[in-house]
Amino acid sequence: MASKKVDFKKESQAGYQATIKPAIIDLPAIPFIMVDGKGDPNTSADYKQAVELLYALSYAIKMSPKRGDVPNGYFDYVIPPLEGLWQIKAGENPTGNDLDKSNFSWTAMIRQPDFVTSEVFEHTLLIVSQKKPDLDILRARLSTFSEGLCGQVLHIGTYDDEPETIKRLDDFIKTSGYRVDISETRRHHEIYLNDPRRTAPEKLKTIIRHPIQ
């Protein structure tokens, strides 16, 4: 009998089980493939290319058994959702409806299983560079993200309607005895649970997460 696919979104300890009621969570160190960039994600070709690169690498790793180069410890899994770390300026919380999104600095990223080592990643870069030479593979890196203690909430609706949800999250963090700890290294974090190309804007689900102390 084939083993069941691992779906990180269904594992509470993975941080994808947010609800519209804010909560405090403590996350372990997790491996991600990351790509940095700047600009408005709605219009930036840079952001579009970053996302394409992330998925190309993630799918190449997932499909490695079909190439006959199975990594040690490999198991079948569902590719986790796209995530993003955002800021306007170092230490600032990117909120408000009047933001100039062209000033965004962002890190687009996708979680990876623990078997994705630096050797697996470097091998995958080579494979993707051969199949998709138009992608700049040098932009991608494999990093361990230690997010630690955070407040999070599920936002349902358009991305432009997030400020109200963010305020509710930050108010909850304060009344829970913590403070938002956004900085150069701890940033506003969003996790996109569905595809905006295939989902009505009012039904989009986004986990919003803020680091806290």
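Strand β5 and strand β6 (residues 205–211) pair in the antiparallel sense over four bridges, where strands are DSSP runs of E with at least two residues, helices are runs of H or I with at least four residues, both numbered from the N terminus, and two strands count as paired if DSSP finds at least two bridges between them. Within this pairing, glutamate 190 has isoleucine 208 in β6 as its bridge partner. This is a predicted model, in which local features need pLDDT of at least 70 and side-chain atom pairs count only at pLDDT 80 or more, while totals for chains, interfaces and linings use all residues. Residues are numbered from 1 along each chain as its sequence is written, and side-chain values use heavy atoms, with hydrogens and water left out.

β5 also pairs with strand β2 (residues 82–87), again in the antiparallel sense and over four bridges, and here isoleucine 191 in β5 stands opposite glutamate 83. Strand β5 itself, residues 188–192, is mostly covered, since five of its five residues are buried, a term that stands for under 20% relative accessible area, with exposed meaning over 50% and partly exposed in between (1.4 Å probe, protein chains only). Both of its faces are covered, with His188, Glu190 and Tyr192 buried on one side and His189 and Ile191 buried on the other.

A search of the whole structure finds one cavity of 30 Å³ or more, a cavity being a set of points on a 1 Å grid over the protein atoms alone where a 1.4 Å probe fits but cannot get out, whereas a pocket is an open set with protein on both sides within 12 Å along at least five of seven lines, and lining residues have an atom within 4 Å of a point. The largest cavity has a volume of about 70 Å³, volume being the space filled by probe spheres set on the points, which are joined across faces, edges and corners. Its lining has 12 residues, and Leu27, Ile30, Phe32, Glu147 and Arg209 lie nearest the centre. β1 (23–38), β4 (140–156) and β5 each supply at least two lining residues, and β1 gives the largest share, four residues.

Turning to the open spaces, the second largest pocket has a volume of about 200 Å³. The elements that give two or more residues to its lining are α1 (45–62) and α3 (118–131), and the largest share, five residues, comes from α1. Among the residues that line this pocket are Tyr55, Tyr59, Ile127 and Lys131.
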